[in-house]
Each structure stands twice: as C-alpha cells, then as structure tokens.
Amino acid sequence: MTKRLRIGVMFSTTGSYGAVGRTMLNGAMLGLGEVATSGNGLEIEPVIVNPGGDLSQYRALAHELLASGVRQVIGCYTSSSRKEVIPCFEKHDGLLWYPSHYEGFESSDNVIYTGASPNQHVLPLVDYLAAKHGKRAFCIGSNYIWAWENNRIFREALIARGGAVLAERYLPVGDTDVDRAIAAILEQRPDFVFNNLIGTSAYAFFRAFRAACRARGVDQAAEIPVASCTLAEPELSEIGAEAVDGHLSSSVYFASLAGAANDAFTQAYATKFPEAPPTSADAEACYIAVKLLAAALQQAGTDEASAVRAAVADQRLIAPQGEVRIDPQTYHAWLTPRIGRSTAAGQFEVLLEAPEPIAPDPYLVQTSPRFAAAMRSPLLRLVKS
C-alpha cells in the first residue's frame with residue numbers, strides 16, 4: 001500500500017545567497033526523484049517555498065507549512081534562518097532537517113543536522129593552515145552568527161596552537177563594498193585569510209582581493225591564501241575565471257571525489273540539472289537529508305516527529321562522500337572531513353581527508369577541552385601535496 005506524505009522544502013533560491021539555495025534545492029529534488037522510483041511504498045509530495053533570503057519570510061513560511069499539516073521540512077542555509085524557524089518547529093512539533101555546515105553549539109529535539117559540525121570542518125582547517133601556511137590569520141565574515149561563532153572557534157583553536165588572529169572584519173550580508181577590508185589585510189600581511197563571508201559578499205571579496213594582490217605583485221594564492229568552510233563548486237563559477245583558483249575549502253564533500261557512489265550521484269545530478277553548476281557539499285547534504293528522511297518515514301510508518309526522530313538513528317547510508325549515519329545522542333551526522341583547493345577548471349582537488357567518518361561534536365566537548373590541544377594523531381591523511 002502506498003503511503004502519501006507531504007514534506008516541506010524551504011530554500012532561498014533568490015537573494016544574495018541564491019546560488020547556494022538553488023543547488024540545495026537541486027540536491028533535495030534529486031533525492032526525492034530517486035525515492036519516488038525506489039518502490040519503497042512512499043509517495044512524497046514536496047511543498048516548495050522560497051524565502052528569498054528574508055528572515056521574516058523564513059518564519060512566516062515555516063509557520064504556514066507546519067500549520068498546513070506538514071511535519072517534516074528540509075531547509076535553511078544560514079544559521080540566522082535556522083534560528084528564526086526553530087521556535088516554529090518546537091511549537092508545532094515538526095522536524096527541521098538542516099542540511100548545512102554550521103558553527104555548532106546547538107541541539108534541538110526538533111532538528112536533524114546533516115551538515116558538518118565545527119569539529120568536522122573548522123578544527124581540521126586550523127590544523128592544516130597552522131602546519132602548512134603559518135599561524136597569523138586575518139578573519140573576515142558576514143555579520144551574523146555563523147561568522148561570529150566560527151571566528152571565535154577558529155581564534156581559540158589557533159591561539160592554542162601558538163598562533164594569532166591579527167584582526168576581524170564583518171560586512172552586512174550581501175554587502176559587496178570590500179575595499180577597506182582588503183586594504184587592512186594587505187597592511188597586516190597575514191599568513192592566510194579565514195573567510196566566513198557568504199553569497200555575493202564572498203564572490204566580490206575573492207575577485208577584488210585577487211585583483212588587489214595582482215596589482216601589487218603579490219601571488220595571492222601562494223602568499224596570502226583564502227581558506228573557507230563554505231566555498232563550494234557552484235560558487236566558483238560565481239567568482240569568475242580571473243580569481244577562481246587556489247582557494248582552500250574545508251568540507252565533507254567535493255564533486256571530484258572518486259568512487260562509485262559519487263560517480264552515480266554526479267552523473268544523476270548532471271542529467272537532471274544539465275544547465276546547473278556542478279554539485280556540491282550543500283547539494284549532497286540535502287540529498288542525504290532526503291534519503292535519511294525517506295528511510296526513517298518508511299520505518300516509522302508515520303511522519304510524526306518523535307517517531308521519525310527515533311527511526312533515523314537506525315539508518316545507515318552510503319552517500320556520495322562515504323558512509324553517513326546520525327548520532328543518536330546529538331542528532332548530528334557522522335561525516336568525513338576533507339580539505340580541497342580550487343582549480344582553474346572550477347573544481348576542487350582534494351589535499352587531505354579523514355580515513356573514515358568521524359563523530360559529530362557540536363559542543364566541542366569531546367574533541368579537545370576549549371578546542372585547545374592539537375589532536376593527538378592527525379585527523380586527515382595526505383592525498384596531494
């Protein structure tokens with residue numbers, strides 16, 4: 001007997017981070033298409049909404065979805081949007097499937113987190129940068145909780161390794177006036193820049209910083225590399241060919257990964273969305289969320305939040321990045337950290353990777369006290385020097 005269920009899909013496909021939102025929607029829709037043809041007895045109707053990057057719209061649309069009887073929603077990219085809607089899910093007893101890397105220090109009975117926790121992307125990047133590029137950082141970010149918290153974690157971890165943050169600068173989300181920040185970076189001459197700008201702000205920064213360095217005879221990628229925990233393949237095309245290469249990204253997935261599961265994923269994605277940029281960690285996290293949700297719905301036999309939440313802890317998924325499962329203590333995902341470097345072809349070459357998935361540690365209580373001590377053994381193994 002086929003069971004028909006409605007689920008919400010809520011991404012900002014327009015606005016300052018619309019490029020990311022579109023690839024997240026694509027990842028979710030690819031997963032839903034595969035569920036529809038899997039013969040597992042589920043018929044899922046997606047209810048797609050677009051908040052357009054407007055925080056007030058996130059809350060209004062989440063309330064509208066939940067009030068209409070939807071109990072499961074895959075959505076949100078920014079931490080500010082996630083914070084905006086969580087009270088709605090708690091009030092109406094729904095589940096938000098949050099498919100984005102984030103800053104951690106959060107847990108809710110009404111959220112399943114399929115993106116990376118700080119120990120899966122920030123701390124590996126600190127170790128890599130301190131070992132390969134130096135210990136003097138300049139932090140820049142969009143002026144909201146993601147950048148504030150990521151920079152705090154990064155700063156404390158770098159200081160514990162004998163490093164220093166020379167300065168921090170924040171721009172409003174969507175602001176592209178980056179010249180003063182770039183002038184400050186060039187004056188300080190850090191060993192690297194830790195970037196937490198998002199969307200159009202980030203793309204403008206990458207272009208302007210490369211141009212400013214070139215005008216001064218500075219090989220930006222080699223001398224002052226920019227490292228991010230957000231930069232993904234679709235955004236490389238937004239940056240443009242003149243500044244696309246040589247950027248570092250700490251992520252759990254890159255489209256260039258070798259393996260049968262990723263080959264099938266990237267081919268299916270390209271077939272379904274032939275005009276879209278390459279797939280990315282954001283698309284994969286949404287795809288993972290759909291697959292885990294479908295398996296949990298099938299096991300639970302209902303879309304009631306507590307039953308689905310209990311069922312998802314039993315699921316194991318061979319995802320494009322490798323094995324993924326949900327930790328029953330935190331309801332965050334076990335994921336495989338990697339560090340990549342962007343190429344002129346608009347892809348990432350993988351430099352380092354963990355040999356297996358690692359447990360999420362959203363509060364950084366297991367990884368190291370106050371994120372301080374360097375890990376006793378290297379988390380990542382060398383792929384390419």
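This is a predicted model: local features need pLDDT of at least 70, side-chain atom pairs count only at pLDDT 80 or more; totals for chains, interfaces and linings use all residues.

**Stop 1**

Residues are numbered from 1 along each chain as its sequence is written, and side-chain values use heavy atoms, with hydrogens and water left out.

Asp282 sits in helix α11 (helices are DSSP runs of H or I with at least four residues, strands are E runs of at least two, and both are numbered from the N terminus). What does Asp282 touch, leaving aside neighbours within four places in sequence? Show Val20, Thr23, Met24, Tyr77, Pro99, His101 and Ala232; contact here means heavy atoms within 4.5 Å. Now pick out Pro99: 183 residues separate it from Asp282 in sequence, yet their C-alpha atoms are 6.9 Å apart.

**Stop 2: α1 against α11**

Two packed helices are described by the angle between their axes and the distance between the axes. Colour α1 (residues 18-36) and α11 (residues 281-300): they pack at about 30 degrees, with axes 7 Å apart. Axes are lines fitted to C-alpha atoms, for helices over the stretch in contact, and angles run from 0 to 180 degrees between N-to-C directions. The contact includes Gly27 and Gly31 of α1, and Ala283 and Ala294 of α11. By class, this contact has eleven nonpolar, three polar and three charged residues (Ala, Val, Leu, Ile, Met, Phe, Trp, Tyr, Cys and Pro count as nonpolar, Asp, Glu, Lys and Arg as charged, and the others, Gly among them, as polar).

**Stop 3: α2 beside α3**

Next, select α2 (residues 55-67) and α3 (residues 79-92), whose axes come within 9 Å and cross at roughly 25 degrees. That makes α2 roughly parallel to α3, because angles under 35 degrees count as roughly parallel, over 145 as roughly antiparallel, 65 to 115 as roughly perpendicular and the rest as oblique. Among the residues making the contact are Tyr58 and Leu66 of α2 and Val85 and Phe89 of α3.

**Stop 4: Glu106 in its loop**

Finally, go to Glu106, in the loop between β4 (95-98) and β5 (111-113). Is Glu106 buried or exposed? At 6% relative accessibility, Glu106 counts as buried.

Key: Buried means under 20% relative accessible area, exposed over 50%, partly exposed in between (1.4 Å probe, protein chains only).
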